[in-house]
Amino acid sequence: MLQYRPEIDGLRALAVMPVLLFHAGFGFIGGGFAGVDVFFVISGYLITAIIHRETRDGSFSIVGFYERRARRLAPALLFICTVSTVFAALWMLPQELNNFGKSLYAVSLLGSNFLFWDQTGYFAPNTDLMPLLHTWSLAVEEQFYIALPLLLFALRRYSVATVMTLLATGVILSFGATQILARIDPAANFYLLPSRFWELGIGAMLAIANERQFDFPQRLREILAALGLFAIAASYILLQGTAYYPGWTTLPVVLGTTLVLAFAHGDTIVGKLLSWRPLVAIGLLSYSLYLWHQPVFAFARLRWIDEIPRLGYLLLIALCFVLAFFSWRYVEQPFRKSARLGRRAVFSSTIASGAVAILLGLGLDGTDGMVAQKPDLARLTGSSIGLGKRCDAVVDLKCATSHTPEMAVWGDSFARHLVDGIIASKHDVRLLQLTKNNCGPFLDLAPIAPRLGGSWPKECAQHNDDVRRFLLANKSIRYVVLSSQLSQYLTEEMVLVEGKREVPTEVKTLTASLRSTLAWLKANGFEAVFVAPTPHDGRDTGLCVARARLLEQPIERCELPLKNVRVHDKDILNVLADIADEYPVVSFMNYLCDADACKVEDQGVELFEDHGHFSAQGSRQMGRALNFYRSFVDAAKRDPVSAQIAPAQPSLPSAAL
């Protein structure tokens with residue numbers, strides 16, 4: 001057996017607490033997510049040390065290894081999945097329950113990292129409502145431990161130097177993968193084993209090298225241990241979530257953890273600090289704490305609807321500690337004692353419980369989150385997809401209601417969500433949809449969004465080039481309705497200009513590009529109008545309304561305070577007010593907003609799918625109520641008013657709806 005080192009439990013405490021604080025939104029620890037990297041190195045070190053010792057002395061058993069893994073991980077994980085399923089059924093909307101079902105069976109199949117890679121980026125806001133998101137790290141570990149025991153067992157007769165060389169090669173290749181994946185698929189870089197192997201691998205290399213061989217003077221060991229602890233703490237404070245994580249910015253926390261493991265023994269100051277009993281106690285609970293925190297936070301957000309205050313999060317963290325203690329004491333500990341539960345019982349109970357979770361997850365997925373029981377709730381947030389999902393980024397008459405379209409809708413998803421409304425206002429409209437998600441209607445501008453991949457800006461620029469040529473080639477098109485959220489051109493750090501130059505994001509750059517697009521359309525004989533994005537304040541309005549309906553609460557709590565909208569949309573209002581003296585711009589603010597707030601329903605119809613897109617029923621309602629077709633055509637035909645509307649005003653200029 002390995003000698004127990006209480007300082008490692010203290011290090012576990014310093015890994016789990018930043019994760020909790022980060023997910024609770026405490027800004028002073030913006031890099032708290034790096035606590036997972038600390039766990040990876042610790043895991044690689046401890047588990048490899050056991051495997052390496054057993055393979056060398058001939059006592060290693062594959063069955064025994066996986067028995068220990070099952071005793072350590074499965075009981076608490078499956079218990080928390082069970083509890084989460086109960087609350088998911090009570091508090092989740094059909095689409096959310098559908099996604100929860102997917103995560104439930106993915107967890108049981110040790111593949112949740114693949115699911116979340118496909119669904120979302122880790123730092124995206126919608127991950128806050130995913131109760132099992134954090135299981136991605138467990139999946140990475142278990143995938144690592146599918147291969148490592150077999151590798152070490154196969155190499156048991158080879159020298160330690162050979163084993164170290166192979167591991168070092170894997171570590172180098174894995175770190176190299178982070179540099180490639182970060183540019184072509186940031187989500188894959190974050191979630192998948194190839195770009196995480198090096199973190200576990202460095203811990204494994206330390207275990208095989210055997211830190212006791214580092215016979216350094218006491219003073220040097222003190223310095224190296226302190227340097228490692230400093231690197232970990234600095235990472236927690238200074239790191240920010242980006243598409244390039246893991247990568248170079250991950251090195252300090254990984255190497256810092258390695259230094260602490262290697263040199264912070266009980267005879268060092270850092271070792272004594274980490275052996276402090278309260279830290280060790282938290283470290284002992286760290287697995288259960290980690291498992292509980294995401295479901296507790298996610299379900300609290302689902303139930304609370306509004307933003308949870310700081311005090312609320314502190315109380316939730318306290319609840320996590322209470323739950324963690326009970327699951328550690330009454331779930332984890334009993335299963336770890338082989339005298340109380342034999343190998344066969346461990347495997348059979350784990351397999352049976354996992355099978356039930358898989359079947360339940362497949363059931364939730366297969367029924368679209370039991371949508372048949374909640375059809376009205378599902379309709380509330382039904383996406384307005386225009387002429388179909390197949391029309392995203394398609395520049396072709398396949399995405400038209402006529403072979404001789406009269407009106408083209410050009411822009412991103414905020415253009416697409418107008419299509420249902422236009423068709424509802426004129427059923428025989430000859431309309432062409434030219435939309436690409438996240439890609440606004442600009443001749444020479446594309447947002448550089450790392451989450452979408454390195455090639456995406458050029459794809460956006462190419463799409464708009466194709467649109468321009470297509471418009472010129474189709475003489476039947478007279479009116480062009482443009483729209484975009486615009487915020488993606490202001491919140492990203494860089495934008496691509498003319499398909500080749502990367503420049504810093506600025507309001508004036510966006511304004512100039514929008515003017516250029518409208519000028520080009522006018523010069524080529526098109527009558528164009530820009531439709532402003534709907535007013536929003538950053539909250540997911542559609543989700544708020546749907547959840548209020550689910551929980552039988554008044555939807556007035558979801559209305560948008562006008563002062564918040566003005567602050568949130570300040571730059572967008574500046575851009576549109578600037579061009580409004582020369583080109584037609586229409587806005588929904590006059591219709592949706594009064595002096596105090598902007599409404600989220602109209603004539604009993606809930607309007608929004610999410611933070612700003614009209615839902616399918618919302619778009620049709622607005623299209624009929626405001627006669628989209630006639631309003632857009634009239635706006636495109638007439639000259640805009642000469643007076644600019646200042647950004648502080650609740651409405652935008654000419655032809656405001």
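Biologist: What is the torsion about the S-S bond of C544 and C558, and is the disulfide right-handed or left-handed?

Modeller: A disulfide is a covalent bond between the sulfur atoms of two cysteines. In this predicted model, a disulfide joins C544 to C558, with an S to S distance of 2.0 Å. The torsion about the S-S bond of C544 and C558 is about -85°, so this disulfide is left-handed. C544 lies in helix 22 (residues 541-550) and C558 in the loop between helix 22 and strand 8 (560-561), so the pair ties together parts that are 14 residues apart in sequence. C544 is buried, with a relative accessible area of 8%, and C558 is buried at 1%.

Biologist: How many disulfides does a search of the whole structure find, and what is the pairing of the bonded cysteines in sequence order?

Modeller: The search finds 4 disulfides, and the bonded cysteines, numbered in sequence order, pair as 1-2, 3-4, 5-6, 7-8. By contrast, C81 is in no disulfide; the nearest cysteine sulfur, that of C320, is 15 Å away. That separation is too far for a bond. C81 counts as buried at 3% relative accessibility, and C320 is buried at 0%.

Biologist: Is the disulfide of C439 and C460 right-handed or left-handed?

Modeller: The torsion about the S-S bond of C439 and C460 is about 85°, so the disulfide is right-handed. C439 lies in the loop between strand 2 (431-435) and strand 3 (445-448), and C460 in helix 19 (residues 456-473), so the pair ties together parts that are 21 residues apart in sequence. Both C439 and C460 are buried.

Biologist: Which residues of helix 16 are buried, and what covers them?

Modeller: An α-helix has 3.6 residues a turn, so residues three or four places apart point the same way. In helix 16 (residues 343-366), the buried residues are V346, G354, A357, I358, G361, L364 and D365. Their cover includes helix 3 (62-91) and helix 4 (94-108). Helix 16 reaches 34 Å from its first C-alpha to its last, close to the 34 Å expected. Just after helix 16, D368 takes a positive phi of about 55°.

Biologist: In what sense do strand 5 and strand 6 pair?

Modeller: In a regular strand the side chains alternate between the two faces of the sheet. Here strand 5 (residues 494-497) and strand 6 (residues 501-504) pair in the antiparallel sense over 4 bridges. V495 stands opposite V503 in strand 6. The hairpin has 3 residues between the strands, and E498 takes a positive phi near 55°.

Methods. Residues numbered from 1 in each chain as written. Predicted model: local features only at pLDDT ≥ 70, side-chain atom pairs only at ≥ 80, totals over all residues. Heavy atoms only, no water. Helix = DSSP H or I, 4+ residues; strand = E, 2+ residues; numbered from the N terminus. Expected span 1.5 Å × (residues − 1). Buried < 20%, exposed > 50% of the residue type's maximum accessible area, 1.4 Å probe, protein only. Contact = heavy atoms within 4.5 Å. Pairing = 2+ DSSP bridges. Disulfide = S-S within 2.5 Å.
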